[in-house]
Every structure is written in structure tokens, then in C-alpha cells.
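This report describes selected helices of a structure and the surroundings of its ligand. The sequence and the model are shown first.

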Amino acid sequence: MRKLIIGFAALAICLLGVASVNMESWAAGADWTMSPVKAVERYKDKGSLHSPYDKDYEKVADEGHKIYMGLSCNGCHGGGGGGGMCPPLTNSVWVYGKDDDTLFRLVTLGSQALQDQYGMKRVGSENVVGPMPAMGPSIKTSDDLWKIIAWIRSVNPSSVPGGKSNVPPPPTFD
Ligand code: HEC
């Protein structure tokens, strides 16, 4: 038994070693307690932020929804993410893109900074066009933001790579 524990400990240390080599691309083994504002400063390169919950986003979706409500994102996007004053998070139109990195930077920095710092342009057109405020300063940890993004994926299958579009299928007549 003891040998087994030592074996596991050694394995864990090895895995940590591998993760730290990969730190520039921020995923497994990263410090998710870092605030989102710090994270986008630390990992400046577009495309370097990867959610730890990509595979099991459904497990943390409820928690993500609570954090979303706590931050009053619903005031603009609606309690279920279906929109309201602002674009819905539940349809298959993505203003800047639906990947982890884009969503993390958009919510943290807001849309003006996303355009200024990364030269990103609106590629999708929602019925409401306006600036998204920088929410990063109100979000304590990057883990919280990944959980919110996990919840968005859970209510929007079109946001998941290889996921189904949530546009209802055409009616069948038989
Ligand atoms: C004051 C209103 C407001 C608040 C509060 C707000 N947003 Fe937004 N959000 C917007 C607007 C407006 C856009 C569209 C930005 C654009 O067109 O550049 C947007 C865009 C988005 C998008 C991209 C949607 C798409 O279709 O591509 C996501 C994701 C998002 N917001 C998440 C959040 C989260 C999470 C929070 C809370 C932490 C939040 N928003 C708080 C107004 C808001």
C-alpha cells in the first residue's frame, strides 16, 4: 500500500513537471485562483487560454450559473442567457468567436479593449450591437470565469466544438 502511495506521489510530481513546462499555454496545472485580469496580462498571446472544464463543462454548469447571476450578467443577458437588452448567449451567433480564449478575454476586458488590444472585429451580427463592459475586475478567480463559460456551453450546444447547432431542425411532414 505504502509503495502504491509513493508511486502515485511520484506520478503526480511528474505530471506537475510536465504541466509547468507547458505553462505558456494555460490549461492543465495552471493557477486558476489567479484573477482573470492577471491571467490576460500573464498570458497575452491570443489563443493561449484553455478552459480546464472543456470535457466536463456540465459538471460545473450550475455553479457557473450562480456566479453569473451573482455578477449581474443577467441584467444584460437575461437569467437564462437568452438575451434582453443585450445579445443572447444561447443562440449560434458569436460576435467575436466561441472559443475559450475569445470568451475569456471578451468577458474580462470588454469589447472595446478586445478590439483595441487584439485588433478583433465583430464577425457575427446579433440584433443588438453595443459595447460589452469589462467584467474582469468584478470576477475573483479565473476558475469562476471558466465555470461561467462552462455554463454558457451547457445552455448553448452550438458553442461546443463539434456540438450540435441549437437551431431547431426543420419540421417534418409525414
Ligand atoms: C451592461 C450590459 C452587459 C453586462 C453587465 C454583461 N454583458 Fe456580456 N455583452 C454585452 C454586450 C452589449 C455584448 C456584445 C458586445 C459587442 O457587440 O461587441 C456582450 C457580449 C457577451 C458575450 C458574447 C456573446 C456572443 O453572442 O458572441 C458573452 C459570452 C458575454 N457577453 C458574457 C457576459 C458575462 C459572463 C457577463 C457577466 C460576467 C456579462 N456578459 C455582462 C453586455 C453586457
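This is a predicted model: local features need pLDDT of at least 70, side-chain atom pairs count only at pLDDT 80 or more; totals for chains, interfaces and linings use all residues.

Residues are numbered from 1 along each chain as its sequence is written. Helices are DSSP runs (H or I, at least four residues), numbered from the N terminus.

The ligand is surrounded by 28 residues, the closest being Cys-73, Cys-76, Val-95, Ser-111 and Met-132; a residue is near a molecule if its C-beta atom, placed from the backbone, lies within 6 Å of it. Helix H5 (100-118) supplies the largest share of this shell, four residues, while H4, H5 and H6 each supply at least two.

H5 bends by about 115 degrees at Gly-110 (the angle between axes fitted to the seven residues ending there and the seven starting there). Its end C-alpha atoms span only 15 Å, whereas a straight helix of 19 residues would span 27 Å at 1.5 Å a residue (1.5 Å times one less than the number of residues).

| Helix | Following residue | Phi |
|---|---|---|
| H3 | Ser-72 | positive, near 65 degrees |
| H5 | Gly-119 | positive, near 65 degrees |

In H3 (residues 61-70), Ala-61, Gly-64, His-65, Ile-67 and Tyr-68 are buried, that is, 20 or more other C-beta atoms lie within 10 Å of their own. These residues lie on the same side of H3 because they cover an arc of only 160 degrees around the axis, taken from the directions from the helix axis to the C-beta atoms.

Technical notes
A residue is buried if 20 or more other C-beta atoms lie within 10 Å of its own, exposed if 12 or fewer, and partly exposed in between; C-beta atoms are placed from the backbone.
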